[in-house]
Amino acid sequence: MDDLLDGLGLVDGHCHGVVGGPLDADAFAMLSTEASVPAPPGVSYLDGPIGSAIRRWCAPVLDLPVHTPVADYLARRAELGAERACRLLLRAARLTDLLVDTGIRGPADRWLDGDGLAAAAGARVTEVVRLEAVAERVAASGVTAAGFAPAFAAALTDATSAAVAVKSVLAYRHGFDIDPSRPSAQEVTVSAGGWLRSGTARLTDPVLLRHLLWCAVDAGLPIQLHTGFGDRDLALPRADPSLLRRWYEQAEPSGVPIVLLHCYPFHRQAGWLAQVYPNVYVDVGLTLGNVGAQATTVLGEFFELAPFGKILYSSDAFGLAELFLVGASQFRWALTHLLSAWLAAGAVSAADAEHLTRAVGTDNARRVYRLRTA
Amino acid sequence: MDDLLDGLGLVDGHCHGVVGGPLDADAFAMLSTEASVPAPPGVSYLDGPIGSAIRRWCAPVLDLPVHTPVADYLARRAELGAERACRLLLRAARLTDLLVDTGIRGPADRWLDGDGLAAAAGARVTEVVRLEAVAERVAASGVTAAGFAPAFAAALTDATSAAVAVKSVLAYRHGFDIDPSRPSAQEVTVSAGGWLRSGTARLTDPVLLRHLLWCAVDAGLPIQLHTGFGDRDLALPRADPSLLRRWYEQAEPSGVPIVLLHCYPFHRQAGWLAQVYPNVYVDVGLTLGNVGAQATTVLGEFFELAPFGKILYSSDAFGLAELFLVGASQFRWALTHLLSAWLAAGAVSAADAEHLTRAVGTDNARRVYRLRTA
Amino acid sequence: MDDLLDGLGLVDGHCHGVVGGPLDADAFAMLSTEASVPAPPGVSYLDGPIGSAIRRWCAPVLDLPVHTPVADYLARRAELGAERACRLLLRAARLTDLLVDTGIRGPADRWLDGDGLAAAAGARVTEVVRLEAVAERVAASGVTAAGFAPAFAAALTDATSAAVAVKSVLAYRHGFDIDPSRPSAQEVTVSAGGWLRSGTARLTDPVLLRHLLWCAVDAGLPIQLHTGFGDRDLALPRADPSLLRRWYEQAEPSGVPIVLLHCYPFHRQAGWLAQVYPNVYVDVGLTLGNVGAQATTVLGEFFELAPFGKILYSSDAFGLAELFLVGASQFRWALTHLLSAWLAAGAVSAADAEHLTRAVGTDNARRVYRLRTA
């Protein structure tokens, strides 16, 4: 198992760009957490699961002992230069493909999310288009209420010309407690008018949000959905993906794959959805990188109800090259650990374990996103 | 521990009939899953937790190596003949009693759920009466609105004359977010009128659904409740058994046991209910058979808050003889594994482990359902 | 690890008083459980996780073999005398500080929750003031509607003069599905009038309940919140602490720490809140003592998203001296077990494990509650 996973180049099915330039300690800490304000006195965001994982997996790549203290790690990172450190970290993740959500960009002046990221990582970069970002660009362009729907359709076609998937952040903008049916053209126009008149850049109108989902179904690309935890800009109970079952059902005839990202702490609910809806898939996303030493436990729970052909890997890395490596390393470690325990217990055969590893690490993503072979 | 559980004949407290005749590969796959439509290209329902469990536990019973590939397993099953294979699989489960929900029957021409099942399994079969099925038979018989309540009461008395429990599928028909109080006679008549006029065979009216629950309380037999996951015909968030606490409370004076089946992913909520409501019990149901190599993890979670006298075993097997054996084997394996770990950690004594095994495997069910001794 | 935790005096950040006098078997059983009525025939509340834990951790302190049967344990407890047994059990818990919620008192004539408890435990006792209890005393004192707010403010100032924290039982009185904003003075007066006219002693009015929360923010002491399971007097789905996120957000500028107690089965949600809200902390509370042999599993889940500086220990012990020892022993055992596994897997360094142990066992509580050094 160890050897197989060591040699297997992973598809990182959902990630973001990285800051390619220097970062001070505070900026580094803030990029490591889902928190949006500094920690209170006596608390450090790097003194926790994510910090432990960074020190565990990244320190050796920068020629430091495993579990090197954070300050020493940051000093070494600066000494090497951010560019070289990023390159070392990204390459150590051994990724063949990065599917990059370009709808949100980082705080720094040297943001890499296209060719620069591909070069640094030594991997193919393809794009995931964030639906709400496209809609907000259309709104900002000065469209009329009646013109919104056709302008969005055109903008989406344009934006996805080279994309492998689209993504919805409905969980952040409203929550999944929504009427999932396709809105009428008139409803869209009325809602677009309300939004445009409001002068608000941010799209939160539920009619328009579901209009975007249905445009995505029409576009035919796989749809990634943020589900479960993330930053504090969401109501966690409303990010339970099982709340959206009627949409999975209505979208089923299209055959478009719907990939539930992150899922935690609703990953068991997500596994059930992946068993009973042929068009629903689950992706470990942000979860494994965040849960530190508990990664094996949590990964095991993803494997309780979902068919093995329905589980995908991604890191949801954002900003720090470290998070690409942490995600991949946590996944490789947790899966190896889990399958070793299953083998020892006689629950699967060695051939099953190898098949499952390839499926989850690369084959499922290649099939769902129609990626070229590595 | 191993020896004790190997020798202990289990009570399967909730199951269904089996197809006693031949099954092709597609039909077998569909009976193995909670999904109701075929898997998409590249995905197989048997390439997952349930398939691994079938290959693990059932292949050796058909004289094949453990983890034999599915195609070889199905070939061998056909070679032996479905009838013989079923008999071998059912007997290997070592069950003393099967409590069979007769309210739903399978797709095949040779459906065994009474004497034929008992003979094949070498076990006693007793009946669990599905409340909604009785009500739907009454409605189909041409009753008036005012006549519904007495006709249902009579039909329930008749249907339960030899039954050991009744069952409600309120989770499928409405969800547990319901006013749990006993409806008035007038409310029942009004709702019955509405249902009968609708021409719909399926009962989903919330007033009538809770009327059925209260008739069940009056009947005095233990009441099994489908809770948690199942097929996609339910809203998972509304199948959380903790939503129904007011009904447990109102039904408490009757002393009628209420058995929460399946529960996952709300089995921790269910364990709490079993601790704080004297009339509430939890049954692992469909869960252990479905979660493959994770069975020990999940079973452990059932044991977090519930008193040991409140936990029961069942398989919820439906259609495939394999599922009776998978349920029983997963339970035996997971419980052995769990208790071995507890013993090794000093958390329980050997005598405790033996007591707990007998309680959960057979004694609790015999007491709750008033079964004759094995 | 073992040695460190053995030697580390814990801060028990949330507990109650104990019955210092004799208890018969029934009274002992009822104090061991969250149930409020006796168990049905064939079931014993002590035949389960909590009973196993009492027999495991307490029997040796009373010079009995580990896992001594309950009847023998109770006989030995009576033989020693309740007072001596309590003292032995409390001291065996090795606590430096007990933060005692004085807002609810036990059924017995010899209730210890102040100096007597401190003397028996050999630890400092400081007070946690229950907001609703203060409000109910004010209401019972004969105040007018308009006089309620100033009288409550004065009573809270008085009650907290020597307290280290306050506590809200909003979960029991309403649930967290509440408008969390600060009510206006007029709203408070109107609601107080309604409550006072109702003649009900128990405060359940949502406006007043959130008024109490905001008075607590103004008072500036850490606020403990009952979240998750407890006795049956709560709706579990409405006790999910993630429902209250808007209040954490609105209270954030005050800098007042909010400590989520118990949390189970929403401890993963609680860990997320502790990561993304700088003012939110999680406390294992009632949970570890209740889940028996599963304590390591559950504790691990508390460590998935929360920074290590945000996790606290308490027992929520009530009535039985045994529960102080069970809480502390389960915590020491589970943390040792968990960290040993993490060390063996290379997930943390030995220095990290030691730091984390001190943080969670004592340092975090000392900082949050501003306790004197041990």
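Author: Buried area is the accessible area, taken with a 1.4 Å probe, that two parts lose on being put together, summed over both. This is a predicted model, in which local features need pLDDT of at least 70 and side-chain atom pairs count only at pLDDT 80 or more, while totals for chains, interfaces and linings use all residues. Residues are numbered from 1 along each chain as its sequence is written.

Reader: How much area is buried between chain C and chain A, and which three residues of chain C supply more of it than any other three?

Author: The area buried between these chains is about 2900 Å², with carbon and sulfur atoms giving 56%. R268(C), W272(C) and E304(C) supply 21% of the area that chain C buries against chain A. Counting contact as heavy atoms within 4.5 Å, 34 residues of chain C touch 39 residues of chain A.

Reader: How many salt bridges are there between chain C and chain A?

Author: A salt bridge is a side-chain nitrogen of Lys or Arg within 4 Å of a carboxyl oxygen of Asp or Glu, and the count between these two chains is three. One salt bridge joins the side chains of E252(C) and R232(A), at 2.5 Å from N to O.

Reader: At what angle do the axes of α16(C) and α17(C) cross?

Author: Axes are lines fitted to C-alpha atoms, for helices over the stretch in contact, with angles from 0 to 180 degrees between N-to-C directions. The axes of α16 (residues 321–344) and α17 (residues 350–368) of chain C come within 10 Å and cross at roughly 155 degrees, which means that α16(C) is roughly antiparallel to α17(C), a term for angles over 145 degrees.

Definitions and conventions
Chains lettered and ligands numbered in written order. Heavy atoms only, no water. Helix = DSSP H or I, 4+ residues; strand = E, 2+ residues; numbered from the N terminus. Parallel < 35°, antiparallel > 145°, perpendicular 65-115°, else oblique.
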